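The sequence and the structure come first.

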Amino acid sequence: MLEQLSIDHPSYLRKDASESTVMAPPTNPNPADSSAKQSLEAGLAALKQQDYPTAIALLESVTQTAANQPSGIRAQMGLVAAYKATGNVKKAIALCTSLAQNPNTQIKTWADRALKELTPPPPPKPPANKPKSAETPPETGFVAFDAATKSPKKSIGGDGLRPASLRPTVDKKTGFLPLEPAVEPGNAKSQHISPPPPPPTPPIRPTSEGGHGGPTSEGGHGGTAPTETAPDTEISGENSSGSPTDIPGVASPDITTYQLTWREAGRTAKSPRPLKRLKLLEFRVQAVASAIALFFLARFVLQFLLTNTNSLLVQLYIFSRLPIFAPIQLFYRDPTPFVQMVFGLLLASSPWLIDALLKLFCGIETLRGSVLSKHSKEASRVLRSYCTKQNMPVPVLKLLPLNVPVAFSYGGLPRFARIAVSRGLLEQLTDEEIATIFARELGHISHWDFAPMSLALLVIQIPYLIYWQVAHWQERLCDLMTIEFLRSAVKFVAAAISATSYGIYKLLRWPMLWVSRRRVYFSDRTAAEITGNPNGLTRALAKIAIGIADNIEQQKQTSFFLESFDLLLPVGVGQAVSLGSAALHAPLEQILLWDVSNQERNWLTVNRAHPLLGERLKLLALYAQFWQLDTELDLANAGVQEQPRKGKLSLFKSILEFKDSKLFLQGAPFFGIPMSLGIVGLLWLIGGIFSRTSIWQLDWLWGDRSILWGCLPIGFSIGTLMRINYFFPDIIPRETASPSLPEILSNPDSLPLDAEPVRLEGQLLGRSGMSNWLGQDLILQTATGLVRLHYVSRFGYIGSLWPFLFKETTRPSDLIGTSVVATGWLRRGATVAIDLESLRSQGGRVSDSGHPIWSAVLAFAAAIWGAYIIIQGPR
């Protein structure tokens, strides 16, 4: 018997009691060849075990020898499921079309139903939006224009954007929303977005039912949705005696194939109505303040390195009495004048220095106007008209010979500004989409934020290049050495230098993160105003995210260029990894729901260089509504929920409510610091009271600064211990979930604190060698997208750099390129990542991580340090 294949919500396959079976035609007994019978049985058994290549080979041989016999009919029906499971939808449709012409009505009915599932009808065109006035976050400068006007809510089908009362409830066991298959309305026109090939199917079977998917090229570029293992599908036929017999079930995954399409929503026919003027003066002051903060941080880091280098040399000199280890007197001088000179030179020569960097490592070249006009005539017009209007020279155009779609601007003055675009951007985006990206970069130049960002990029490039080049050259140097002791010494020193440089690179990014996020809002809005095409910019940003994820899958790692230039890119690499890969398997509105509806999302972006992509696309949808345009994505009304009205709360009640919230527990280590300051104030108050009485034993508390400095790490320690059990719940294998990436992204209420134990299977991607010894670039390529992995050795950074000291021989970087099973705690914040507990390869190699251990070690170390400061007393 063959079960009806359905794609109804929420499980891809549902059994209809009234139409669940289709009987084979009552034909006269016609025994097939014994070898064909054996191949049929073996093929159906392989299909049930999800061994699709074997099943396809066996069943195809049966169809060639017994095409019109009952065994051939059964083989063709099995091939439909096998082709669908491997993403070969065209062949599945061709077989269904052939079976639909069978004279037997039952087989014809089954084939028609399966064909209908394989080729769903195009969705109706979305209704035109009515004028909408909406408020946007204050940092964008966009305000409500007509508060009385309300935009009708759109129905999206199965993408999850529904009122809270109608949304599917979160599974209490896994914590994930059920994924609803839906086809996004839109035009099937090809938009130069080629989905990446599906990852190789790992031989390791997950604990829960898994699926397979593949790309499709029909009707536009898209991706094949992940498929779940369906209930056994039975194929009914006749044996040699003519009596019906039940054949073992065929495990058939979902026939539904999600296909990424674009609506091609329109643009303004005329110049759009102007929006409220941006407050650029305040923004520029903040940019200058961030650059000054970067200067002082760089000075502190340099002085710290020089001082500790001399301290190390002094100890070595005392131990060895060798003049070579004498401290360097120059390192004792104040480094402030040197840092000032370096910053000034970097700012003044930023366009030429960045040109040199890109020429050396990427082969950048000049982008001729004729080449740009060939790909986008509108971009050429935008450059000329906007620069003439703003009375500034046209920026120098540069071309990066890279397939990943990126663009950025840099320089110190508008006169010497550059706009660099990659070949991938020109090839993968349409004419109008390229124009919106150029308009974004013109916005950066006209707002003058490109200058401090170019300076920051050059400053952080110094430690990043040291990290990259030291890791690269130590491998070549060690290959030339034959003495094992020298090779070990070189690795030891190179690992210390490379790891320290990478840590400094991460630290120096912090002062510019606020400006980096804020400038993106301004440039997006400027691009929408210049082109009158917020929908085109929406498509462009989404395609850039998809292109970055595709590049990572193709290169099997995050390139050094993408990581080091992340501050200037239109879309953050960390966001693009998961969102860009999941966009080929689920509607964009569905996977961006967290970005626009999570109540705590703004707190979780403080360590990111780019704002949430969903929030940016929602603002673009609001601009489109204001200009009375259809929207490319239905995000304008997403995340808008009616909050229950509350009376005016007292400060005390507000603090109590915050204390009981998830956000407080999420940031407990950091909130513990101001709480410790409150304790210090109370102790000082007690000391002040007793100092005015005859009880002198406690008057020492008054004004004791050692209590102040000691309570800070103690407060951090208490906060860390408060949340450690929530952050790292016990992992029980039988209760560990294996969600797909779209399911993870579709839960709008999750926080990093909601650490769900997960077990995901896929191929491990990332950089090889010393450049990844600390787990800087670990990505799991699953059947439904890419997920970043966080790793900490059980012995800390020392165990990651020198595992031989602890007889720990397996790093995650040693498993790059292999099929692995990753077990750990899922963190859903501004990006998606898994804090690893272990990585297990196909060959049985295991790399254990120690996140809970080191969280506890850090907490106790901070407490001991604080107690030591208090015991030492004031100095």
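Is glutamine 38 buried or exposed? Glutamine 38 is exposed, with a relative accessible area of 58%; exposed means over 50% relative accessible area, buried means under 20%, and partly exposed lies in between, with a 1.4 Å probe and protein chains only. This residue, glutamine 38, belongs to helix α1 (residues 34–48). Glutamine 38 and valine 62 are separated by 24 residues in sequence, and their C-alpha atoms are 9.3 Å apart in space.

The model is predicted: local features need pLDDT of at least 70 and side-chain atom pairs count only at pLDDT 80 or more, while totals for chains, interfaces and linings use all residues. Residues are numbered from 1 along each chain as its sequence is written, and side-chain values use heavy atoms, with hydrogens and water left out.

**The chain as a whole**

The protein chain has 28 helices and 14 strands. Helices (H or I, at least four residues) and strands (E, at least two) are DSSP runs, numbered from the N terminus. Of the 875 residues, 54% count as buried. Among the contacts in the chain with a separation of 6 or more, 72% are between residues 24 or more positions apart; a contact means heavy atoms within 4.5 Å.

**Strand pairs**

Two strands pair if DSSP finds at least two bridges between them.

| Strand | Partner strand | Sense | Bridges |
|---|---|---|---|
| β7 | β8 (residues 418–422) | antiparallel | four bridges |
| β9 | β12 (residues 819–828) | antiparallel | eight bridges |
| β9 | β10 (residues 779–782) | antiparallel | three bridges |
| β10 | β11 (residues 785–790) | antiparallel | four bridges |

An open sheet of four strands has the order β5-β6-β8-β7, with mixed pairing. β5 (365–366) and β7 (407–410) are at the edges with a single partner strand each, so one side of each has no neighbour in the sheet. Phenylalanine 408 stands opposite alanine 420 in β8. Helix α8 (residues 350–361) lies across β6 (396–400), β7 and β8, and runs at about 145 degrees to β7. That angle is taken between N-to-C directions, on a scale from 0 to 180 degrees, with axes fitted to C-alpha atoms and, for helices, over the stretch in contact.

Strand β9 (residues 756–765) is mostly covered, with ten of its ten residues buried. Proline 757 has tryptophan 825 in β12 as its bridge partner, and leucine 765 stands opposite isoleucine 779 in β10. From β10, Ile779 and Gln781 point one way and Leu780 and Thr782 the other way, and all are buried. In a regular strand the side chains alternate between the two faces of the sheet. A hairpin through two residues joins β10 to β11, and leucine 780 has valine 787 in β11 as its bridge partner.

**Nonpolar cores**

A nonpolar core is a set of buried Ala, Val, Leu, Ile, Met, Phe, Trp, Tyr and Cys residues joined through side-chain atoms within 4.5 Å. The largest one has 143 residues, and those with the most contacts inside it are Leu358, Leu400, Phe408, Phe438 and Phe561. Helix α13 (residues 450–480) supplies the largest share of this core, eleven residues. A second, separate core has 31 residues, including Leu59, Leu99, Ile107 and Leu115. Apart from its neighbours within four places in sequence, leucine 358 is in contact with Gly363, Ile364, Leu400, Phe408, Tyr410, Phe561 and Phe565.

What does threonine 436 touch, leaving aside its neighbours within four places in sequence? The contacts of threonine 436 are Ala527, Thr531, Asn533, Gly536, Leu537 and Ala540. Threonine 436 lies in helix α12 (residues 431–447) and is buried, with a relative accessible area of 0%.

The axes of α12 and helix α15 (residues 513–531) come within 8 Å and cross at roughly 120 degrees. α12 and α15 are therefore oblique to each other: angles under 35 degrees count as roughly parallel, over 145 as roughly antiparallel, 65 to 115 as roughly perpendicular and the rest as oblique. Residues of α12 at this contact include Ala435, Thr436 and Ala439, and those of α15 include Arg519, Val520 and Phe522.
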